[in-house]
Amino acid sequence: MMRVLVIGSGGREHAIVWKLKQSPSVKEVFCVPGNAGICDEAECVFGDLKSVDSLVQVASTLQPDMTVVGPELPLSLGVVDEFRRRGMRIFGPSAAAARLESSKIFSKEFMQRHHIPTAHYAICISSGELKEALQHFSPPIVVKADGLAAGKGVVIAKSREEAGMAAADMLTGRMLGEAGTRVVLEEFLEGDEVSFLAICDGDRAIPLVAAQDHKRIGDGDTGPNTGGMGAYSSAGVLDPKMSDWILAHIARPVVQAMKNEGTEYRGVLYCGLMMTARGPMVLEFNCRFGDPETQPILMRLDSDLLGVFIASAEGRLSEGDLKWSNDATACVVMASKGYPETPELGKVIHGLKDAESVHGVKVFHAGTRKMGDEYVTNGGRVLGVTAKAMDLKTAVAKAYEAVDKIHFEGMQFRRDIAQRGLR
């Protein structure tokens with residue numbers, strides 16, 4: 001029986017903890033630092049996600065048989081490298097492999113080198129380069145910060161002037177600090193977004209079921225971009241033929257190319273895709289599970305999640321490791337007033353028990369903490385109300401039935417999650 005440590009504090013980590021608890025070979029689950037919902041299901045321990053030393057210290061004390069990294073920051077700081085150096089088993093890519101996410105410039109140049117379909121782009125590190133590059137793009141123009149910016153490093157500009165201003169703000173460091181001091185301009189791609197995730201072991205990539213998330217704050221994809229306001233997963237997101245194509249032309253070539261370049265890729269490879277008239281194009285890579293896509297994806301998983309993590313870490317994945325339910329799932333994110341700019345914190349959350357009494361519903365906590373006996377808001381995205389049912393329409397209806405039982409001051413959520421799938 002194994003002790004497992006999960007690193008992170010969001011809805012994604014709550015879903016991972018919840019799924020690991022179902023594994024027959026799991027004895028105890030710990031989480032650093034966790035949130036109020038995770039603390040109900042696992043033992044939460046204090047640690048600093050920005051410090052590899054702090055995370056090593058936690059693991060040295062707990063001696064877990066397996067560690068699972070949730071968020072991108074510890075990966076980019078090299079937590080996997082340090083754990084492996086000390087002979088500790090850990091799920092996730094090395095810092096060098098995680099550059100696919102931590103540097104947009106590395107990612108674009110990598111895709112260009114290996115003929116992986118993506119949008120045309122230009123790299124700018126000075127105002128002169130920016131002025132020159134803008135002439136080659138017609139609006140709308142996508143402006144991306146090179147570094148990690150917690151989902152806030154992308155601006156879709158309606159004019160060259162707006163693109164120039166956004167890029168200039170990034171380059172000075174005013175907008176995003178160090179993350180934005182190098183900028184990528186990209187052509188705007190039209191189509192439906194799809195999240196395609198695969199578990200990799202350095203040689204192989206085994207696909208998870210596809211999901212579609214909703215990035216903008218408002219109904220009908222209006223308002224600013226966020227970390228994600230909801231997601232759904234059903235057989236209709238991607239047909240099997242297209243899924244095979246993406247695996248053969250994007251996910252597996254990435255793993256192979258990384259190996260050829262001397263940077264083995266183990267962990268989750270998240271391909272954020274735009275399904276364009278020219279075919280699937282990569283918008284971005286993430287080097288970990290998405291949030292909120294993890295919630296509906298893991299709710300459909302019928303296999304032992306711990307076994308898959310161990311097989312990935314030990315380089316011995318096989319095709320039959322993942323088995324999936326045919327059911328559909330939907331996740332509605334409930335966010336604080338002021339999100340994504342300056343969320344209001346400390347609001348008491350009511351109705352959690354009533355929401356979870358809806359059949360097929362699980363409420364995953366993201367930005368929550370406990371004050372006495374009460375749960376209070378402690379972040380921009382607060383909860384991921386996730387439901388599973390035989391079809392997407394029923395799953396969505398159940399999720400919203402549960403959402404309507406929850407209340408906290410200033411809460412905001414979208415009423416149109418999975419509308420593209422239902423259409």
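The side chain of Glu 13 reaches the backbone nitrogen of Gly 10 at 2.6 Å, a polar contact (a pair of N or O atoms within 3.5 Å; within protein, one must be able to donate a hydrogen and the other to accept it, and residues adjacent in sequence count only if both atoms are side-chain atoms). This is a predicted model, where local features need pLDDT of at least 70 and side-chain atom pairs count only at pLDDT 80 or more, while totals for chains, interfaces and linings use all residues. Residues are numbered from 1 along each chain as its sequence is written, and side-chain values use heavy atoms, with hydrogens and water left out.

Glu 13 sits in helix H1 (residues 11-20); helices here are DSSP runs of H or I with at least four residues, strands are runs of E with at least two, and both are numbered from the N terminus. Leaving aside residues up to four places away in sequence, Glu 13 touches Val 6, Ile 7, Gly 8, Ile 38, Gly 70 and Pro 71, where contact means heavy atoms within 4.5 Å.

Buried means under 20% relative accessible area, exposed over 50%, and partly exposed in between (1.4 Å probe, protein chains only).

| Residue | Relative accessible area | Class |
|---|---|---|
| Glu 13 | 1% | buried |
| Asp 354 | 47% | partly exposed |

Asp 354 belongs to helix H13 (residues 352-356), and its C-alpha atom is 7.8 Å from that of Ile 406, 52 residues apart along the chain.

Now to helix H7 (residues 104-113): seven of its 10 residues are buried, so H7 is largely enclosed by the rest of the structure. Among the buried ones are Ile 105, Phe 106, Phe 110 and Met 111. Their cover includes strand S6 (121-124) and helix H10 (240-260). After H7 comes His 115, with a positive phi near 55 degrees.
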